[in-house]
Amino acid sequence: MDILEAFAALSQSTRLETFRLLVRHEPEGLSAGEIARELEVPHNTLSAHLNILARAELVISRRQSRSIIYRANLIRMQETIGFLVRDCCAGRPELCEPLLNEFSSCTPSEKAPSS
């Protein structure tokens, strides 16, 4: 995995916002046109940004009828974050607990059984 390519792809503001938008629309994804409208970016400019994100394996695309639907590659993002925290806190996981708790807020909580 070329971690620098992922960081380079996310280091530009439009690409970072594109990726964050796609994360918010998981697992359905968005068409390029919807992304361009949402971010108010010209289609040709967005196309170049999506190609860079795709080369970095941060987005996945699939054809759906006449549209191409883009999704965030969450596995690649997990690998990228894992790279950053792999040696977290010199083997003292209790020091990393606040960081890990931040990510746990992304997962849906289980519903309490209704009485």
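This is a short chat about a predicted model.

User: Hi! What average pLDDT does the protein have?
Analyst: Hello! The average is 87, and 88% of the residues score at least 70.

User: Where does pLDDT stay under 50?
Analyst: That happens over residues 109-115. The model gives this stretch zero contacts beyond four places in sequence.

User: Thanks. On to helix H3, then: which of its residues are buried?
Analyst: Helix H3 spans residues 32-39, and its buried residues are Gly 33, Ile 35 and Ala 36.

User: And why do those count as being on the same side of H3?
Analyst: Because the arc they cover around the axis is only 160 degrees.

User: Which exposed residues sit on the face turned away from the buried side?
Analyst: Arg 37 and Glu 38 are carried on that face of H3.

User: Switching topic: where is Thr 80 found?
Analyst: Thr 80 belongs to helix H5, which runs over residues 74-85.

User: Is Thr 80 buried or exposed?
Analyst: Buried: the relative accessible area of Thr 80 is 2%, and the cut-off for buried is under 20%.

User: Nice. What does the side chain of Thr 80 reach?
Analyst: It reaches the backbone oxygen of Arg 76, at 2.9 Å.

Note on methods:
Residues are numbered from 1 along each chain as its sequence is written. This is a predicted model: local features need pLDDT of at least 70, side-chain atom pairs count only at pLDDT 80 or more; totals for chains, interfaces and linings use all residues. Side-chain values use heavy atoms; hydrogens and water are left out. Helices (H or I, at least four residues) and strands (E, at least two) are DSSP runs, numbered from the N terminus. Buried means under 20% relative accessible area, exposed over 50%, partly exposed in between (1.4 Å probe, protein chains only). A polar contact is a pair of N or O atoms within 3.5 Å; within protein, one must be able to donate a hydrogen and the other to accept it, and residues adjacent in sequence count only if both atoms are side-chain atoms. pLDDT is the predictor's confidence in each residue, from 0 to 100. Contact means heavy atoms within 4.5 Å. The arc is that of the directions from the helix axis to the C-beta atoms.
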